[in-house]
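Visitor: I am new to reading protein structures, and I would like to be guided through this one step by step.

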Amino acid sequence: MFVFDRKQDIYEIAGMKIGGQPGEIATVLAGTIFYAKHDIVEDAEKGIFDEKRAEELLKKQEEMQDTTGNPALMQIFSESSEAMEKEIEFCTKVSDVPFLIDSTVAEAKIGGMKYCDEVGLSDKAIYNSINVSCAKEELEAIKNSKLTAAILLGFNPKDTTVAGKIDLLETGAGTFEKGMLFLAREDLGITKPLFDPATLPIGAGCGSSCASGMVVKSRYGIPVGMGIHNAPSAWTWIKTYRKEHAQRIEEAGVKKWVGPGAEAFHICDLGSNVIPPLLGQNFVMYGPIENAPVVFPLIGMMDMIVAEGNAAEHAIEAKEPHPYLVMSA
């Protein structure tokens, strides 16, 4: 096990702690709800969904948080401003955990920020994300909002190596007038920046994405995390293997893969989530919130191993709540 020479920042977001040395603060786990093709969504544009099932999923994630000691985040993914407002309102009534404002549509995220400002939820929200695709209007909206936490996405289309990601943070890599980290802190009012190195496909930069987290924590001490499950999800080999060794069936109106190939794909998808905590990272966006009952014990186990090692070798004390303290019995 290892520790970083640089002091590591620990942020508190609506009572949730994130950051620190490996083994100090439990890995924060974010499950996505209302994602593309999520079967609980009836109309993605209007924000119509099965509220009973959505509540069950959110409550189960909260239950797993209490079971393992890993703090939970709701990753609220919306297709429009209308949907974002409805979904944030619903989710924050059902669950008390902080949440990510997430979408591929800038207007939806901006709408989510404005809604949070209006109803007093800005202290519980994390913007996902500040990135090279952000137009001036989006950056201005972030600046004018009350949000203080945001994910900085380290995708540099000109250079996917570790050096390219550092260049983006430090100089703007020709996209921003200044480094993304300094832009967020100095211009946009983001006092709690979190870094996501941007998970690239296996064979197309995934290794550099994982490695860059250690460099960022070493240089800046800010919390780092990623949605590593996207790597096996985009892995051509495992998708081909699944197709050759599984079959597609429909059960209760839901289409799914069954067979050895499906099991292999599922294991790679879920198992990839152990990589960030073993590399000293602080949060994992683990994908569909349905996976909470499996992912939380899995990452809890990883946190226990890291905490045990760093307690013995580096005198790092695990702070409550932490799997090392919760799951030791």
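**The sheet, its spaces and a ring pair**

Guide: In this predicted model, an open sheet of 8 strands runs in the order β10-β9-β8-β7-β6-β3-β14-β11, with parallel pairing.

Visitor: Which strands stand at the edges of the sheet?

Guide: A strand at an edge has a single partner strand, so one side of that strand is left without a neighbour in the sheet. In the order of the strands, one end is taken by residues 192-196 and the other by residues 225-226. The edge strands are therefore β10 and β11.

Visitor: Which residue of β9 stands opposite Tyr127?

Guide: Strand β8, which covers residues 125-130, pairs with strand β9, residues 149-153, in the parallel sense over 3 bridges. Tyr127 has its opposite residue in β9, and that residue is Ala150.

Visitor: What angle does helix α2 make with β6?

Guide: Helix α2, made of residues 81-94, packs on the sheet, where it touches β3, β6 and β7. Comparing the direction of α2 with that of β6 gives an angle of about 155°.

Visitor: Which element gives the largest share of the lining of the largest pocket?

Guide: The largest pocket has a volume of about 1800 Å³ and is lined by 46 residues, with Tyr35, Ala36, His229, Ser233 and Pro288 lying nearest its centre. Several elements each supply at least two residues of this lining, among them β6, α3, β8 and α10. The largest share, 5 residues, comes from α10.

Visitor: How many charged residues line the second largest pocket?

Guide: The second largest pocket, with a volume of about 300 Å³, receives two or more lining residues from α4 and from α6. Among the residues of its lining are Lys136, Glu140, Lys143 and Asp187. The lining divides into 4 nonpolar and 1 polar, while the number of charged residues is 6.

Visitor: Why is the pair of Phe34 and Phe49 tilted?

Guide: A search of the whole structure finds 6 aromatic pairs. A pair of aromatic rings is described by the distance of the centres and the angle of the planes. The centres of the Phe34 and Phe49 rings lie 4.5 Å apart, and the pair is tilted because the angle between the planes is 50°.

Notes:
Residues are numbered from 1 along each chain as its sequence is written. This is a predicted model: local features need pLDDT of at least 70, side-chain atom pairs count only at pLDDT 80 or more; totals for chains, interfaces and linings use all residues. Side-chain values use heavy atoms; hydrogens and water are left out. Two strands pair if DSSP finds at least two bridges between them. Helices (H or I, at least four residues) and strands (E, at least two) are DSSP runs, numbered from the N terminus. Contact means heavy atoms within 4.5 Å. Axes are lines fitted to C-alpha atoms, for helices over the stretch in contact, and angles run from 0 to 180 degrees between N-to-C directions. Rings of Phe, Tyr and Trp (its six-membered ring) pair if their centres lie within 6.5 Å; planes under 30 degrees apart count as stacked, over 60 as edge-to-face and the rest as tilted. On a 1 Å grid over the protein atoms alone, a cavity is a set of points where a 1.4 Å probe fits but cannot get out, and a pocket is an open set with protein on both sides within 12 Å along at least five of seven lines; lining residues have an atom within 4 Å of a point. Grid points are joined across faces, edges and corners, and a volume is the space filled by probe spheres set on the points. Ala, Val, Leu, Ile, Met, Phe, Trp, Tyr, Cys and Pro count as nonpolar, Asp, Glu, Lys and Arg as charged, and the others, Gly among them, as polar.
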